[in-house]
Each structure stands twice: as structure tokens, then as C-alpha cells.
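Hi,

Here is the structure I said I'd pass along. Have a look at it first, and then read on for what turned up.

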Amino acid sequence: MASEVHETIWMAKQERHKNLFLNYRNLSHFPLELLKGEGLQYLERLYMKRNSLTSLVLASTTLCTALLCTLASH
């Protein structure tokens, strides 16, 4: 599953997606790849419905202001 998430994030960076769907991935940690580099500067919405996050890392103010995090039923 981790390689699938990595590939999805990589493709979103390459294709400059505005929406990134990481729903139903059984993630327990926020993918730190989202905070690295400039590749996701075009991202406007991050959907992470039905995961098992235990904490949320908000280390980037740019990411925080540009992203709408949907964490329903974590």
C-alpha cells in the first residue's frame, strides 16, 4: 500500500494536480512526502477520508493555507 501512495503522490506532483485523493488507504501517519519540495504547490484539496491517522503534521504554512484537508471519520 505504501508504494501505491508514493506513486499517487509522485503522479500528482508531476501532473500538477489540484486535488489529491488518498481516501481509504489505511494510512496511520500523514504522508511526509506532501511536505517535501515544491511539487505540490498547485494542490488545493487533499482528501483523506477513512484512514487511521493518529496525528497530523502541519509543518508548512504554505501547505496549511493552500490545502483543504478532509479528514472525515479518521
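Predicted model: local features only at pLDDT ≥ 70, side-chain atom pairs only at ≥ 80, totals over all residues.

**Overall layout**

The chain has two helices and three strands, and from the N terminus on the order is α-β-β-α-β. Of its 74 residues, 24% count as buried. The accessible surface comes to about 5000 Å², and 53% of that belongs to carbon and sulfur atoms. If you look at contacts with a separation of 6 or more, residues 24 or more positions apart account for 55% of them.

Nonpolar side chains tend to be buried together in soluble globular proteins. Here the largest nonpolar core has 13 residues, and the members touching the most others are Ile 9, Leu 20, Leu 22, Leu 34, Leu 46 and Met 48. Helix α1 supplies the largest share of this core, with three residues.

Leu 20 sits in strand β1, which covers residues 19-21, and it counts as buried because its relative accessibility is 2%, under the 20% cut-off. Leaving aside residues up to four places away in sequence, Leu 20 touches Thr 8, Ile 9, Ala 12, Leu 34, Leu 43, Arg 45, Leu 46 and Tyr 47. Take Leu 43 from that list: Leu 20 and Leu 43 are 23 residues apart in sequence, yet their C-alpha atoms are 7.3 Å apart.

**The salt bridge**

Side chains of opposite charge can pair when their charged atoms come close. The count in this model is one salt bridge. Arg 25 forms it with Glu 4, with 3.5 Å between the closest N and O atoms. The pair links distant parts of the chain, as Arg 25 is in the loop between β1 and β2 (45-47) and Glu 4 is in helix α1, 21 residues apart.

Glu 4, at 42%, counts as partly exposed.

Asn 51 is in the loop between β2 and α2 (61-66), and with a relative accessibility of 2% it counts as buried.

**The aromatic pair**

There is one aromatic pair by count. Phe 21 and Tyr 47 are stacked, 4.7 Å centre to centre, with 5 degrees between the planes. This pair also links distant parts of the chain: Phe 21 is in strand β1, Tyr 47 is in strand β2, and they are 26 residues apart.

Ala 2 is in helix α1, which spans residues 2-15. Its relative accessibility is 63%, over the 50% cut-off, so Ala 2 counts as exposed. Ala 2 and Asn 26 are 24 residues apart in sequence, with 9.7 Å from C-alpha to C-alpha.

Cheers

Technical notes
Residues numbered from 1 in each chain as written. Heavy atoms only, no water. Helix = DSSP H or I, 4+ residues; strand = E, 2+ residues; numbered from the N terminus. Buried < 20%, exposed > 50% of the residue type's maximum accessible area, 1.4 Å probe, protein only. Core = buried A, V, L, I, M, F, W, Y, C linked by side-chain atoms within 4.5 Å. Contact = heavy atoms within 4.5 Å. Salt bridge = Lys/Arg side-chain N within 4 Å of Asp/Glu carboxyl O. Phe/Tyr/Trp six-rings, centres within 6.5 Å; stacked < 30°, edge-to-face > 60°. Areas by Shrake-Rupley, 256 points an atom, 1.4 Å probe, with all protein chains shown as cover.
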